[in-house]
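This report describes a few local features of one protein chain. Have the sequence and the 3D view ready while reading.

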Amino acid sequence: MFLSTKSKGYLCLQDEQVTTFVRVSSQKPPLVIEEIRECPTGDAEGQQKLIDEIRPPKSTGYLFAKCGVSPEQRFIRRTGLDPKRIKEEKYMSELVSSQFRIDADQSTIAILNASDGLDFDSAKVATNKDVIFCGMPNSVAETVQANLLKNEIYPECIELTSLCSIAALIDYLKFGASNKPTLVLELGAQSTYSYIVSSKGLEATRPIAVGLESMVPIVQKELGLKDEESARKLFFSNTFDFTGMGAALCKRLLKELQSSMGFYEVQTGQSIGQLVCTVLPDKLNWLEGVIGSQLGVAVLSPELKPWLDARNVSVSGEVSLAKLDSRKFALFGLLLDFNTKPSDASPA
């Protein structure tokens, strides 16, 4: 959390498409979200302009901020542990290497309880056998930090926005007393990260080697365009209604998602109740509805105000509550401490 309750706080979140800067009135609740500014990730000039506009008056130098990042090489994997091997010195590194092909010696890794997100304690393995390995390669972590500093952002902490989104969504489901397992998708250019969460925690994780770019050749073929670049520009421009060919565009992704959902439902006896895309460009919002329709599940439309009120978070007149949609769960996850209870446990 932030260091002081007296001064304003700043957040910086980066995913593949958007970089978001946030100013809040205090460094922990009760607080007001005073300003949210966004620019395309990779737009160095636009990012510098936003930093200059959002930083404290007459301030120069670094913007001190809590940072959420989404490097493509990030990993979040859920698995069960063998209690008989937990005390073996190389058990954890062998596990991530054999199951997930992750080089533990070359990676920054945190191990969390799947149920509550707290740091894993080997002394409590009898009650916490399911864990999450999360992190990124050391070289990527170094690059992420160097880029933040290069852009005049001093990270008070660096967290994975994926984990922030998951933590906030789980808390939201708990507050609303929802028992619906929820499929969470992060659609990137080259890959999609798929998670299944519920009010009980993170229940399944799976990276899928199918992303938005895989849809571009289908657009080219369906519309008879001369090259992929023309198809790409049209696809990402939101100047053409692709809804009618949505099933064809998502065919490969849907096949993988149906496999994951089927496995989960057989293992647990529970059906996926809803879907939410926490990472998706504004101009491709329609994809969420297409995927939900093809999978036969509803799209989550969160009612955030009751939950935020219970978390002692409000928004200023400069911020539209209507624009705080499911893609802002990462913001809330970075901002709030979920080890504390909401002030009102009434369902949303």
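The model is predicted.

**Aromatic rings**

A pair of aromatic rings is described by the distance of the centres and the angle of the planes. The structure holds 11 aromatic pairs. Two of them are listed here.

| Pair | Distance of centres | Angle of planes | Type |
|---|---|---|---|
| F235 and F242 | 5.6 Å | 80 degrees | edge-to-face |
| F235 and W286 | 6.3 Å | 85 degrees | edge-to-face |

Why are these pairs edge-to-face? Planes over 60 degrees apart count as edge-to-face. The planes of F235 and F242 stand at 80 degrees, so that pair is edge-to-face. The planes of F235 and W286 stand at 85 degrees, so the name applies there too.

Where in the chain do F235 and W286 lie? F235 belongs to helix α6, which covers residues 228-237, and W286 belongs to helix α9, residues 286-295. The pair therefore ties together parts that are 51 residues apart in sequence.

Are these residues buried or exposed? A residue counts as buried when its relative accessible area is under 20%. F235 has a relative accessible area of 0%, so F235 is buried. The value for W286 is 18%, so W286 is buried as well. F242 is also buried. One aromatic cluster is formed by F235, F236, F240, F242 and W286.

Another ring has a charged neighbour. R74 lies over the face of Y193, at 4.1 Å from the ring centre.

**Helix α5**

Helix α5 spans residues 216-223, and its buried residues are V216, V219 and Q220. Seen down the axis of α5, these residues fall within an arc of 100 degrees, so they line one face of the helix. An α-helix has 3.6 residues a turn, so residues three or four places apart point the same way.

What covers the buried residues of α5? The cover includes α6 and α7, the latter being residues 246-249. After α5 comes G224, which has a positive phi, near 65 degrees.

**Residue A65**

A65 is placed in strand β4, residues 63-69. With a relative accessible area of 0%, A65 is buried. Leaving out residues up to four places away in sequence, A65 touches Y10, L11, C12, I153, Y154, P155, E156 and C157. The C-alpha atom of A65 is separated by 9.1 Å from that of V22, and the two residues are 43 residues apart along the chain.

Technical notes: Residues are numbered from 1 along each chain as its sequence is written. This is a predicted model: local features need pLDDT of at least 70, side-chain atom pairs count only at pLDDT 80 or more; totals for chains, interfaces and linings use all residues. Side-chain values use heavy atoms; hydrogens and water are left out. Rings of Phe, Tyr and Trp (its six-membered ring) pair if their centres lie within 6.5 Å; planes under 30 degrees apart count as stacked, over 60 as edge-to-face and the rest as tilted. Buried means under 20% relative accessible area, exposed over 50%, partly exposed in between (1.4 Å probe, protein chains only). Helices (H or I, at least four residues) and strands (E, at least two) are DSSP runs, numbered from the N terminus. A charge sits over a ring if NZ of Lys or CZ of Arg is within 6 Å of the ring centre and within 35 degrees of the ring normal. The arc is that of the directions from the helix axis to the C-beta atoms. Contact means heavy atoms within 4.5 Å.
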